[in-house]
Amino acid sequence: MSDDARFTPRRVLQALRRPRAEADDEIAFHIEMRAEELVARGVAPDEALRQAIAHFGDVERVRNEIDAFNTWEGRRMSIRESLEALRHDVAYATRSLRREPALAAGVVVTFALAIGATAAMFGLVRQLMLAPPPGITEPSRVAQAELRFVTDDGEMYTASTTSYPVFRGLASQTAAFSAVAASHADTILFGRGASATGVSSIAVTGEYFSALGARVALGRTLGPADDEAPDGNSVVVLGHAFWQRTFGGDRGVIGSEVVVEDQRFTVVGVAAQGFNGDQRSTVDLFLPLNAAMRDRGGAWRSEDHLNVVTIVARLRDGVTFDAASAAASRALRDGVGSRELAGVELESVVPGRSARQSQQARIARWLSGVSWIVLLIATANVATLLLLRAVRRRREVAVRIALGISRARLVRQLLTESLLLASIGAGAGLFVARWLSDVIRATLIPNLAPSERLVEPQVLLVSLGAAMAAGLLAGLAPLAQLAKPQITNELHAGAAPGSRHHSRAQRTLVGLQVALCTVLLVGAGLFVRSLDRIRSQDLGYNVERLLFATIDFRGALRGSESDAAHVEIARRLEQVAGVSGATVVEAMPFGFHHIPPISVPGHDRPPTAGGQLPIMYAATPKYLEFMDVKLLRGRLFDARDRRGSPYVVLVNETMARETWPGESAIGKCIRAGMDWSQPPTPLAPKTLPCREVVGVVRDSRARSLLPRGRETSLMQYYVPFGQIPEHPNANASYVNALLIRVTGDPERMAPLVQQAIQGASATPTFARVSPYQDLLDPQLRPWRLGATLFSTLGALAMAIAAVGLFGVVSYVVSQRRKEIGVRLALGGTPSVVAGLVLRLAVRMVAVGVAVGTLVALIAAPAVQSMLFATSAREVGVIAGAALLLTGVAIAAALVPAWRASRVSPLTALQSD
Amino acid sequence: MTPDVEILRGTLDVILLRALTQGPLHGYAISRWIRERTDEQLTIEEGALYPALHRLARKGWVDSTWGYSENNRKARYYRLTAAGRKRLLVETTSWEQYARLVSRILEPA
């Protein structure tokens with residue numbers, strides 16, 4: 001009421017500006033009639049009018065009431081009046097919120113975090129799953145070709161990388177496609193000398209830009225004339241972000257020369273902002289394919305087993321994806337294509353239309369669902385806070401209702417308040433969203449190109465929508481209570497507010513939050529457990545201290561010279577501080593694979609496990625040590641096992657068991673490689689020398705972190721590095737990379753090792769050095785994404801729920817001060833009182849945890865497929881979530897409990 | 001001065017319904033009627049009549065039309081509906097019962 005008095009002058013002024021003829025008529029009529037009556041009784045006219053107004057009471061309030069009634073009666077307010085009313089409501093809400101800044105801040109922060117999280121997740125899901133790569137015109141007509149293969153043993157697999165002849169085959173299907181283009185993505189060198197850096201590029205055929213309908217920000221696109229065999233034009237189109245970063249957005253860059261892979265290229269254009277071709281990762285340079293492949297010889301253009309390109313095509317209008325796929329499949333079966341090629345599938349670049357769904361996308365979709373739950377929790381929490389506030393203002397509101405403020409007005413006022421809070425929260429939330437999605441992109445989905453806009457319009461819309469919905473919901477909860485007729489009881493003096501049923505509503509809301517939190521925490525626990533198990537599984541080796549380096553001599557050293565240089569570099573690296581060893585490698589798990597033809601005397605088919613030929617590793621003794629190859633029987637390699645010495649081989653358990661069942665493998669013979677004078681066969685010919693098995697070693701993981709399918713029974717064997725099956729070319733190269741063991745953090749050591757390699761060589765040398773773990777990382781990423789985000793969102797939700805719990809417990813304590821005072825006066829000890837409060841908090845949480853656990857158990861089958869070696873109903877995880885929440889509840893109740901125990905009986909009993 | 005009796009909420013509704021049994025009246029006429037019936041001993045903020053009347057209108061017990069007063073001034077007239085009449089009967093009965101019980105309790109034994 002005090003506000004009414006405080007703001008009366010202003011309201012009267014507003015009233016005078018408003019044309020409210022009817023309300024004024026009715027009031028004026030009454031007052032004048034009353035004044036006339038008084039004048040008739042002998043009162044002086046001036047005094048009569050003053051008395052008549054005094055008798056009437058609060059003119060402004062009645063005027064509002066009459067207004068509301070007129071509206072109710074169907075007389076529409078003019079737009080101007082509505083706006084005026086809105087402005088008035090907003091001003092009122094602002095004033096009343098300003099009186100409780102802590103509450104307003106709490107609500108805004110809650111909303112900002114929840115809306116930010118929701119918007120960030122939605123943005124990522126949109127980018128990963130819903131939106132086509134940016135910059136493509138009419139993306140619904142553009143498709144990426146996916147080749148389906150069926151192996152001899154019936155296993156199906158798909159690949160998007162294929163050969164140039166396959167591209168030519170598809171390009172001939174002009175009835176189905178208006179344009180077909182191929183591209184080859186690679187990291188290439190940009191610049192010269194010490195400042196040269198690796199940049200991401202795609203080399204494209206002439207139709208690429210037109211097939212995608214891509215535009216440039218500056219200059220021109222690449223066209224067919226740029227990509228003529230054999231060498232193409234030395235021209236390059238810069239990626240927009242790269243142009244900004246490297247050239248500072250200089251418009252004069254067109255026509256200038258840059259050095260790409262040690263050759264001069266002329267910049268002819270800058271791609272449109274955000275355009276990354278048909279990819280989702282950032283592209284720095286676009287080059288003509290023939291120009292980029294210049295020094296690779298011409299074989300890639302004619303050989304259909306050299307898989308170097310991916311294909312995009314624009315479908316003609318009226319051609320369906322199915323029809324196009326059928327035409328493409330026919331073309332390839334009739335023309336080129338391998339024996340195993342079963343068909344071509346054209347997948348729309350709009351992810352929602354594609355049948356494919358990556359693990360990443362699936363987890364992203366889950367996360368967006370989860371972020372909606374967080375928003376729901378936040379909404380419940382805001383509702384709790386507003387409810388507490390409403391209860392504090394109960395008396396005031398009851399008085400207003402009794403004095404005739406219309407319910408409609410009250411509803412409007414309360415909704416205005418919560419919507420105002422939600423809007424401020426949404427505004428702040430957008431910044432949270434931007435920050436959060438940058439963090440996620442940087443740490444969890446590094447190959448996803450960042451959006452160049454601050455906020456995507458769709459994300460903005462969704463977050464505003466979410467804010468409005470949340471604001472409405474949160475605002476309605478206190479209304480449901482205030483609008484009850486019993487409210488008038490509040491007018492009776494001394495009536496204790498906070499009767500059983502309000503605290504029931506608050507407890508329900510807190511219980512709901514806790515239940516949702518439980519579900520989230522169980523989810524987080526399951527993902528963390530999965531990630532933990534997938535990381536700690538025994539791969540057969542430990543890559544923690546290993547670096548992996550590939551070295552590029554820019555064509556200066558070839559074949560055996562290159563191999564010798566690698567050996568020399570490895571030797572010198574061992575002198576570098578922090579490096580405990582280095583060795584050359586040809587193939588390694590999760591890296592390069594070498595699967596040569598193989599045969600075993602007495603078998604007319606090559607040994608296979610699950611249809612898979614054995615994988616060969618060329619191993620130096622150091623390699624065996626670094627990769628922790630564990631000997632079971634026989635011996636490992638040593639310095640004796642060189643080129644020219646007797647051929648020896650180590651086989652893994654699976655190979656020993658499957659190839660020579662019931663026998664010892666030691667001393668057996670295998671042949672591997674090709675006799676180059678004969679046509680290639682999957683069976684190594686008898687003309688090759690026998691390699692004697694000298695040892696059996698443990699199985700290890702080679703390609704997949706998931707021990708599923710072929711990965712569970714993998715035949716592997718090791719040959720001494722000097723005894724790699726020979727290539728007919730005497731000057732062939734066998735070394736593909738270096739494996740380096742370091743004593744410190746591999747992440748920190750990588751650049752030091754790179755400098756050591758590049759600095760030590762007289763010939764131009766470029767090294768790419770990364771932790772071995774990076775080879776495994778792409779497979780870990782979905783789990784890490786799930787674990788990190790579920791945990792983050794779970795922690796966020798828990799913090800929000802803790803705030804709500806704290807609010808409710810504090811409120812209950814303040815309501816029960818008198819009772820607590822009595823208890824203390826009657827000899828209750830502070831610890832008994834504190835225990836009472838803590839039990840109250842635990843009780844509230846217990847119900848929520850129970851409900852949440854039930855939901856988690858019911859939802860378990862839906863998440864099971866995304867977990868690794870973890871049951872979706874794992875008891876430890878559920879118990880952990882329950883314990884954590886109970887702990888949080890106790891923590892949230894500690895301060896109110898402490899306050900309760902310090903209530904002075906005297907003041908408590910005197911109050912009210 | 002005569003003692004002021006503050007009108008009990010809920011009672012106001014019965015009083016208004018009763019006032020309108022005389023026929024359509026505007027707000028001022030109702031307030032004058034109440035004052036006359038109670039010898040000016042019952043004080044109400046006259047403005048409070050209007051929210052009360054509107055509440056009754058929303059419940060369907062009263063409806064209103066604009067008309068002109070005795071001295072040809074524009075005024076809103078309130079009229080009892082059939083539902084209002086029924087309501088008045090119920091309210092009056094229960095009110096009388098209540099009043100009887102309360103006065104029986106208050107009577108000296």
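# Exercises on a two-chain predicted model

About 2,600 Å² is buried between chain B and chain A, and carbon and sulfur atoms give 52% of this area. The model is predicted. Work through each task, then check the solution.

**Exercise 1. Describe the contact between chain B and chain A, from residues down to one salt bridge.**

Solution. 
- Step 1: Count the residues. Chain B puts 27 residues into the contact, and chain A puts in 30 residues.
- Step 2: Count the charged links. There are three salt bridges between chain B and chain A.
- Step 3: Look at one of them. B:Arg35 pairs with A:Glu37. Their closest N and O atoms are 2.7 Å apart. The cut-off is 4 Å, so this pair counts as a salt bridge.
- Step 4: Note the predictor's scores for the complex. The ipTM is 0.87 and the pTM is 0.62.

**Exercise 2. Which elements of chain B have the lowest and the highest mean pLDDT?**

Solution. 
- Step 1: Start with the whole chain. Chain B averages a pLDDT of 80, and 87% of its residues score at least 70.
- Step 2: Go to the elements. Strand β1 (residues 5-6) of chain B has the lowest mean, 49. Strand β2 (residues 25-26) of chain B has the highest, 91.
- Step 3: Check the start of the chain. Over residues 1-6 of chain B, pLDDT stays under 50. The model has eight contacts beyond four places in sequence for this stretch.

**Exercise 3. Classify the ring pair of B:Trp95 and B:Tyr98 as stacked, tilted or edge-to-face.**

Solution. 
- Step 1: Over all chains, the count is 14 aromatic pairs.
- Step 2: Take the distance. The centres of the B:Trp95 and B:Tyr98 rings are 5.7 Å apart. The limit for a pair is 6.5 Å, so the rings qualify.
- Step 3: Take the angle. The planes of B:Trp95 and B:Tyr98 make 45 degrees, and the pair is tilted.
- Step 4: B:Trp95 and B:Tyr98 are about one helical turn apart, because they sit three residues apart in helix α4 (residues 82-106) of chain B.
- Step 5: B:Trp95 has a relative accessible area of 37%, so it is partly exposed. B:Tyr98 is partly exposed too, at 47%.

**Exercise 4. Is A:Val283 buried or exposed, and what does it touch?**

Solution. 
- Step 1: Locate the residue. A:Val283 lies in the loop between β9 (263-271) and β10 (285-288) of chain A.
- Step 2: Apply the accessibility value. A:Val283 is at 3% relative accessibility, so it counts as buried.
- Step 3: List the contacts. Leaving out residues up to four places away in sequence, A:Val283 touches A:Ser200, A:Ser201, A:Ile202, A:Gly239 and A:Asn276.
- Step 4: Compare sequence with space. A:Ala241 is 42 residues from A:Val283 along the chain, and their C-alpha atoms are separated by 8.6 Å.

**Exercise 5. How many residues has the largest nonpolar core, and which have the most contacts inside it?**

Solution. 
- Step 1: Give the size. The largest nonpolar core has 131 residues.
- Step 2: Find the main contributor. Helix α23 (residues 773-815) of chain A gives the largest share, 20 residues.
- Step 3: Look around A:Tyr718. Beyond four places in sequence, the residues it touches include A:Tyr623, A:Leu624 and A:Phe637.

Technical notes: Residues numbered from 1 in each chain as written. Chains lettered and ligands numbered in written order. Predicted model: local features only at pLDDT ≥ 70, side-chain atom pairs only at ≥ 80, totals over all residues. Heavy atoms only, no water. pLDDT = per-residue confidence, 0-100. Helix = DSSP H or I, 4+ residues; strand = E, 2+ residues; numbered from the N terminus. Contact = heavy atoms within 4.5 Å. Phe/Tyr/Trp six-rings, centres within 6.5 Å; stacked < 30°, edge-to-face > 60°. Buried < 20%, exposed > 50% of the residue type's maximum accessible area, 1.4 Å probe, protein only. Core = buried A, V, L, I, M, F, W, Y, C linked by side-chain atoms within 4.5 Å. Buried area = accessible area lost by both parts, 1.4 Å probe. Salt bridge = Lys/Arg side-chain N within 4 Å of Asp/Glu carboxyl O.
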